[in-house]
Amino acid sequence: MDTVTAGCKINLGLRITGIRDNGYHEINSLFWPLPEPHDTLELDLASAPGIYVQCEAYEVCPTHNTLTKAYEALAQRVPHLPGVNIILHKGIPSGSGLGGGSSDAAALLQWLNARISQPLDAQELARIAMKVGADIPFFLQPFPCCVRGIGEIMEPVVNTEFSGMHLVLVCPSQHSSTPQAYADYDATIASTTVGQNSLTKSASKANGFSPVTAAPIPDLHNDLEAVVFSRYPQLAELKATLLRFGAKVAMSGSGSAIFALFMPKDGVKACNASSILRKKNYRVYTHVL
């Protein structure tokens with residue numbers, strides 16, 4: 001049995017720039033990979049085709065999840081794909097906006113791809129990943145990327161303005177639903193005359209991946225914050241608490257995780273903030289970007 005670690009990501013800013021004919025939202029965001037929190041997958045080849053998943057986080061593991069979808073998508077492309085048994089240990093909170101399910105699916109695709117007689121190249125594996133979920137291709141090669149479209153346009157970036165900053169990532173107990181967040185956002189936009197014209201309608205685009213580029217870095221504003229905070233006022237209170245430490249603060253993705261960025265010289269402030277929040281029983285993770 002093999003053990004694989006699947007890290008997470010945060011969205012350093014999230015702008016919703018359009019909506020496609022198929023209902024998918026186009027975004028502009030900076031995805032930043034983090035090693036913690038992480039999920040752990042115990043993987044073992046099975047004697048028969050198919051996938052079996054156990055997860056300690058659920059009394060009964062959902063039969064249709066990102067892992068089963070990833071396996072089915074790869075099986076459509078690869079004849080005689082071997083079966084796999086998985087024990088999933090959740091460390092990334094569900095409904096946190098940290099991409100745990102996508103990261104798990106990417107880890108499984110890479111593990112299986114390494115065990116077939118003719119492994120797929122990176123582009124083909126990414127195309128399969130995109131069929132399962134828009135964030136999954138990012139986790140196949142996780143490094144900071146400006147992400148546009150529905151997630152299929154990834155532009156790797158280096159030496160951003162965030163490099164060297166202290167990150168305090170806080171994971172509240174609230175579970176924030178991504179579909180609900182986008183539905184609330186759409187309803188809010190539709191209720192205003194200005195908003196009705198603010199999202200560009202466009203046809204679905206073919207998958208494509210941009211080369212390394214000096215992509216523009218989006219600001220930390222998250223278009224989903226207002227609607228998520230309206231459902232969960234305690235998240236707005238958490239953001240206000242972090243702001244009092246003098247940090248730049250925002251929600252990651254569709255929530256509920258909130259992060260604070262401190263300047264490189266403000267490591268002591270970051271430590272103080274994380275210490276106080278841990279005493280309030282929050283799950284807190286610290287990193288240097």
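The model is predicted, so local features need pLDDT of at least 70 and side-chain atom pairs pLDDT 80 or more, while totals for chains, interfaces and linings use all residues. Residues are numbered from 1 along each chain as its sequence is written, and side-chain values use heavy atoms, without hydrogens and water.

I start with helix 8, residues 233-243. Helices (H or I, at least four residues) and strands (E, at least two) are DSSP runs, numbered from the N terminus. Leu235, Leu238, Lys239, Thr241 and Leu242 of helix 8 are buried, meaning under 20% relative accessible area, with exposed over 50% and partly exposed in between (1.4 Å probe, protein chains only). Down the helix axis, these buried residues fall within an arc of 155°, so they line one face; the arc is that of the directions from the axis to the C-beta atoms.

Next, two cis peptide bonds. One runs from Glu36 to Pro37, with omega near 0°, and Pro37 is in strand 2, residues 25-46. Another runs from Gly255 to Ser256, with omega near 15°; Ser256 is in the loop between strand 9 and strand 10.

Last, positive phi. Most residues other than glycine have a negative phi, and most peptide bonds are trans. His80 has phi near 60° and sits in the loop between helix 1 and strand 4. At 82% relative accessibility, His80 is exposed. Asn281 has phi near 70°, in the loop between helix 9 and strand 11, and is exposed at 71%.

Back to the helix pair: helix 2 and helix 3 cross right-handed, which means that the near helix is turned clockwise from the far one by less than a right angle, anticlockwise being left-handed.
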